[in-house]
Amino acid sequence: ANTNASDATQYYKLKKGAIETLLQYFDWMPQSTDEPKPPTDEEDYVDDFGFYPNRSEAEIVSAMRYYHVRNIVRSHRVRTLPTIDTKTETSMDVNKDGHYTYSILPFKSTISNAGRGVFIDGFAPAGTLLSFFPGKVWPKEHLMTASLQTQMQFSQNDPRNQLSMRYDDILIDSRQSPYTVVKNLWAAGHIVNHPPPPIKSTMSAEEASESNDDQSSKDNDESSNPTYHFQPR
């Protein structure tokens with residue numbers, strides 16, 4: 001992730017195009033607004049969400065548009081509503097107003113032929129925790145006793161490089177983790193792309209383990225399992 005003006009302009013063009021796609025799909029476009037460019041009927045057309053609407057059935061497109069709206073609204077509300085600590089039911093000191101200064105959104109990657117990418121919406125200073133990898137957690141001892149078929153799947157079936165090995169030999173399998181239909185907005189680490197050379201990444205991956213005394217961590221919801229974290233260097 002870079003922070004120069006051209007990168008910011010690319011992002012805002014993507015976000016504008018994505019919002020216009022939704023306004024047009026749901027017939028919400030204000031009459032006073034310039035009509036956006038009509039979508040193409042070509043099968044390989046990809047919109048600003050990184051979605052191929054012409055390859056999908058109408059029911060799938062409808063469901064995806066619903067979740068596109070949902071994710072954008074949730075992303076906005078994260079930065080406009082006070083953040084509440086569910087244990088104490090008090091506002092968390094995220095900033096002086098109790099709000100997050102940023103959220104993250106997946107859109108079409110600005111890297112050619114890279115699918116979707118993750119963008120910071122707002123301001124995140126250096127050192128900010130941005131996202132984490134969702135997925136099934138495989139400790140080393142479970143990997144050693146896994147069936148041969150499972151081990152073969154790990155070694156041969158990772159076309160998007162979404163198997164992540166931590167330094168403590170814990171494997172995170174994000175291959176089945178969703179891109180759009182997400183319960184947790186921050187569970188997007190598996191969508192982050194590395195910039196092509198010679199651009200240097202300003203992100204780093206860090207390990208994080210669940211606290212033993214946190215009873216809520218025993219929930220079997222994959223989207224709540226903290227593993228790797230991305231943060232700017």
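I take two strands as paired if DSSP finds at least two bridges between them. The model I am reading is predicted.

**Entry 1. Strand 6 and its partner.** I looked up Trp138 and found that its bridge partner is Leu171, in strand 8. Strand 8 covers residues 171-173, and three bridges join strand 6 to strand 8. The two strands run antiparallel, and with three bridges they meet the requirement of at least two.

**Entry 2. Pro139.** I went on to the loop between strand 6 and helix 3 (140-144), where Pro139 sits. What does Pro139 touch, once its neighbours within four places in sequence are left aside? I found contacts with Asp169 and Ile170. For the pair Pro139 and Asp169, I noted a sequence separation of 30 residues and a C-alpha to C-alpha distance of 6.8 Å.

**Entry 3. Helix 2.** I checked the span of helix 2, residues 58-78. Its 21 residues reach 30 Å from the first C-alpha to the last, which is close to the 30 Å expected at 1.5 Å a residue. Next I listed the buried residues, counting as buried those under 20% relative accessible area. In helix 2 they are Val61, Met64, Arg65, His68, Asn71, Ile72, Ser75 and Val78. Why do these buried residues line one face of the helix? Looking down the axis of helix 2, I see them fall within an arc of 160°, so one face carries them. On the other side of helix 2, I found Ala58 and Glu59 exposed.

**Entry 4. The whole chain.** I closed with the chain totals. The chain has four helices and ten strands. Along the sequence, I read the pattern as α-α-β-β-β-β-β-β-α-α-β-β-β-β. Of the 233 residues in the chain, 36% are buried. How much of the contact set with a separation of 6 or more comes from residues 24 or more positions apart? The share is 59%. For the surface, I noted that the chain exposes about 15000 Å², with carbon and sulfur atoms supplying 51% of it.

Conventions. Residues are numbered from 1 along each chain as its sequence is written. This is a predicted model: local features need pLDDT of at least 70, side-chain atom pairs count only at pLDDT 80 or more; totals for chains, interfaces and linings use all residues. Side-chain values use heavy atoms; hydrogens and water are left out. Contact means heavy atoms within 4.5 Å. The expected span of a helix is 1.5 Å times one less than its number of residues. Buried means under 20% relative accessible area, exposed over 50%, partly exposed in between (1.4 Å probe, protein chains only). The arc is that of the directions from the helix axis to the C-beta atoms. Accessible areas come from the Shrake-Rupley method with a 1.4 Å probe; for residues, only the protein chains shown count as cover.
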